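Try each task before you read its solution.

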Amino acid sequence: MRINRRELLIGAAAVGAGASVSLPFFAPRYHEVRRPARSRVAVLHVENYSPRIVETLLAGLQLFRLHVRDKRIVLKPNLVDYIAGSAINTDPLVVAAAAECFRRLGARQVIVAEGPGHQRDTQLVLWKSGYGSFLRESGIRFMDLNRDELIQVDLRANYSGLKRLWLPKTVMEADFLVSMPKVKTHHWSGVTLSMKNMFGVVPGSRYGWPKNILHWNGIQQSILDVCATVPVHFVIADAIVAMEGNGPLNGTPRPLGRIVLADDPVAADATCARLMGLEPDRVPHIREASKFLGNCSRELIEQAGETVQAPGVPFQVVPEFEFLRQLHSSPKKELARRVSISMQQQAIKVFSV
Amino acid sequence: MHSSIGALAHPVDESTSFLRTQFDRIARRQYNNAIVTTSDVAAEDLRLLLAQKQLPSGGWAALSSSSQTALEPTALACIALGPKFQSAHDHAMQFLLKIQNSNGSWPVFLGDSPEGSWVTSLACITLHGNIEAIPKQLKGLRWLMDSAGAESHWLWKWKFRTTDRHVRFDPDKFGWPWIPHTNSWVVPTAFSILALNQRCACAPDTGSSRVELGIAMLLDRACPGGGWNAGNGVVYDVALAPHPDDTAIALLAFTRRRREPTIDMSVDWLELAAPTLGAPWSLAWSILALAAHDRPVEFLVKSLSSFPDLEQIEDNSTLAAVCLALDYQRALAAFGVTA
């Protein structure tokens with residue numbers, strides 16, 4: 001069969017057009033691979049909230065030989081709102097203990113920083129949740145990230161299409177940023193752990209309450225873009241009393257008796273998910289982040305402290321995320337349904353512009 | 001409640017000594033030996049403090065430690081200071097006029113993108129009554145008229161009716177978003193209603209249908225037991241709790257309305273919640289809303305003025321809101337709200 005010049009040109013044009021349309025779907029959406037060769041995680045047994053957490057936490061932190069001397073440490077807890085008797089927020093005793101540990105390890109300054117996503121009155125949340133008194137007594141500075149000075153930052157990944165965000169100076173200029181999530185299930189993202197916790201750095205004064213722009217551009221996608229851009233140096237996750245069911249606000253407290261430490265947010269979240277009886281590979285943002293931000297595979301995580309064992313009964317989740325529970329029979333079917341919903345959302349977004 | 005300057009000459013405690021010094025200066029300059037109320041005194045002290053935090057640009061930063069001029073604190077401070085602090089007030093007005101975006105909106109802060117944001121409503125309210133500012137105010141109101149929550153688009157309405165029904169709301173009832181291309185929320189909608197209610201005599205029909213739609217949206221997004229939070233009343237069949245500040249700001253938008261059970265329930269809820277509040281921002285807005293709905297607030301004003309460390313407030317919007325609440329009648333008039 002002979003191909004004339006005209007057919008060759010048409011064929012080449014068709015291949016070129018096809019490639020230009022399809023390549024963006026296959027090209028990596030992250031700018032750089034920051035995944036370490038191996039990650040370290042320590043699971044500490046802490047039965048309940050007490051001042052004795054300091055000693056346990058300090059012993060745990062010393063396993064990591066952190067270089068924090070003379071550094072400015074920013075602790076970013078999960079402080080959303082306050083509902084009496086609920087396990088919504090990172091417990092203030094855990095944050096107080098972390099602040100004390102970093103001081104003992106020689107930090108120049110420790111700042112607690114958060115931009116609550118639901119409540120506009122940050123002082124009210126601080127006061128009601130018990131943070132106000134501990135901050136005052138320990139002389140630790142609190143920075144309201146919803147109202148901090150902002151700098152515009154190009155995002156280091158492009159899953160959400162946001163391209164750039166205004167982010168707080170305190171976070172972007174931190175020497176050492178510690179994500180301190182409350183271990184919870186989440187009705188929109190499956191779980192809310194150290195990576196989802198970083199939504200709190202997106203300023204409400206610029207983007208509103210709740211930080212709706214992150215929802216409109218896809219929660220899983222926005223988590224990836226924010227975490228690719230804001231470097232989390234360490235994780236201290238409060239799983240002493242976690243939350244299951246309809247989190248992040250209206251779930252049920254679930255005691256786990258653990259604090260999880262990690263030098264990699266992806267490894268931390270994968271470990272927390274396993275402690276919850278959920279399969280981390282099925283959480284879209286953890287799975288995708290394991291390609292460039294950190295390690296999800298057990299083989300690539302050096303484990304210290306307690307062994308990671310799934311609970312007898314996995315954490316309850318809303319029906320849309322049943323596929324995260326390891327006991328679920330057909331994860332592929334559920335995943336296909338999520339993909340279909342996601343594609344539908346993207347299509348609507350495109351057509352509604 | 002009432003006390004003379006002589007009685008206040010003895011500092012209540014050491015933490016307010018700075019303010020007492022400031023007060024003595026103000027008292028000598030402005031009041032001589034007049035009888036003033038405790039809240040008058042606190043309001044003047046705090047207004048002076050607020051004026052001192054004005055940046056050279058004419059605006060205020062969100063936090064005292066920052067030098068990035070932001071619109072919300074600037075608008076609230078400008079209203080709070082009023083013409084009594086003429087120099088600071090005029091400087092702030094000039095700043096607001098200068099930084100309006102070409103599309104009629106205002107940015108969240110100096111240097112922000114020119115697309116516009118919810119603070120446009122606050123800027124319009126602040127400029128109201130200033131003859132020189134009428135063209136810019138009208139341009140701002142026109143931008144508000146064109147701005148709507150993204151759920152107003154037919155395709156999103158369809159989505160919220162078919163596949164995305166976990167948040168209970170009626171997408172036909174939409175208001176205003178914080179920033180373009182996102183949903184309507186309670187606070188931006190309430191401030192937009194207040195701004196459009198103040199539309200000037202030269203454009204009396206501007207926005208009445210949008211105001212009605214915004215009112216319907218607020219009623220639709222109320223929490224089942226009364227009050228509002230950011231705008232999610234029921235999620236996954238669970239009723240979410242109201243927030244005092246969101247409730248208070250929403251209630252300000254209802255003062256010219258016929259009584260509805262939702263409004264009455266919300267005022268009742270706020271009246272119960274307000275005395276328990278330990279944060280000045282929420283208490284300040286609660287005072288304004290309760291006063292606007294004819295509920296007694298004097299004891300709340302007294303409670304607010306005796307809050308510890310008011311002079312240490314780092315958040316300039318909160319400091320301005322406190323000043324507004326301590327002088328609530330003038331503040332309500334500035335928001336176009338009549339009790």
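**Exercise 1. A loop residue in chain A**

Task: Find where Lys163(A) lies, and decide whether Lys163(A) is buried or exposed.

Solution: Start with the place. In this predicted model, Lys163(A) sits in the loop between β5 (150–154) and β6 (164–168) of chain A. Next, look at the backbone: the phi of Lys163(A) is near 65°, a positive value in a residue other than glycine. Finally, count the neighbours. Lys163(A) has 9 C-beta neighbours inside 10 Å, so Lys163(A) counts as exposed.

**Exercise 2. A loop residue in chain B**

Task: Work out which loop holds Asp237(B), and whether Asp237(B) is buried or exposed.

Solution: Follow the steps of the previous exercise. Asp237(B) belongs to the loop between β5 (234–235) and β6 (238–239) of chain B. Phi of Asp237(B) is positive, near 65°, and this residue is not a glycine. Within 10 Å there are 9 other C-beta atoms, so Asp237(B) is exposed.

**Exercise 3. Cis peptide bonds**

Task: Say which residue is joined to Pro210(A) by a cis peptide bond, and which one is joined to Pro248(A) in this way.

Solution: Take Pro210(A) to begin with. Its cis partner is Trp209(A), and omega is about -10°. Pro210(A) is placed in the loop between α7 (204–207) and α8 (212–216) of chain A. Now turn to Pro248(A). The cis bond here runs from Gly247(A) to Pro248(A), with omega near 10°. Pro248(A) is found in the loop between β10 (234–244) and β11 (252–262) of chain A.

**Exercise 4. Two covered helices**

Task: Find how many residues of α6 (residues 119–127) of chain B are buried, and how many of α9(B) are.

Solution: Begin with α6(B). This helix is mostly covered, with 9 of its 9 residues buried. Among them are Val119(B), Leu122(B), Cys124(B) and Leu127(B). The buried residues of α6(B) pack against α4 (71–81), α5 (86–98), α7 (134–146) and α9 (186–197) of chain B. After α6(B) comes Gly129(B), which has a positive phi near 90°.

Then move to α9(B), where 11 of the 12 residues are buried. These include Val186(B), Pro188(B), Phe191(B) and Leu196(B). The partners of the buried residues of α9(B) are α6, α7, α10 (208–220) and α11 (244–252) of chain B.

One more step is a length check. The expected span of a helix is 1.5 Å times one less than its number of residues. For the 12 residues of α9(B) this comes to 16 Å, and the end C-alpha atoms are 16 Å apart, so the two agree.

**Exercise 5. A pair of helices**

Task: Describe how α4(B) and α5(B) cross: at roughly what angle, and left-handed or right-handed?

Solution: First recall what is needed. Two packed helices are described by the angle between their axes and the distance between the axes. The axes of α4(B) and α5(B) come within 9 Å of each other and cross at roughly 145°. Their crossing is left-handed.

Now look at who meets whom. From α4(B) come Thr74(B), Ala77(B), Cys78(B) and Leu81(B), while the α5(B) side includes Ala88(B), His89(B), Met93(B) and Leu96(B). By class, the residues of this contact are 8 nonpolar, 2 polar and no charged.

Notes. Residues numbered from 1 in each chain as written. Chains lettered and ligands numbered in written order. Predicted model: local features only at pLDDT ≥ 70, side-chain atom pairs only at ≥ 80, totals over all residues. Helix = DSSP H or I, 4+ residues; strand = E, 2+ residues; numbered from the N terminus. Buried ≥ 20, exposed ≤ 12 C-beta atoms within 10 Å, placed from the backbone. Contact = placed C-beta atoms within 7 Å. Axes fitted to C-alpha atoms, helices over the stretch in contact; angles between N-to-C directions. Left-handed = near helix turned anticlockwise from the far one by under 90°. Nonpolar A, V, L, I, M, F, W, Y, C, P; charged D, E, K, R; others polar.
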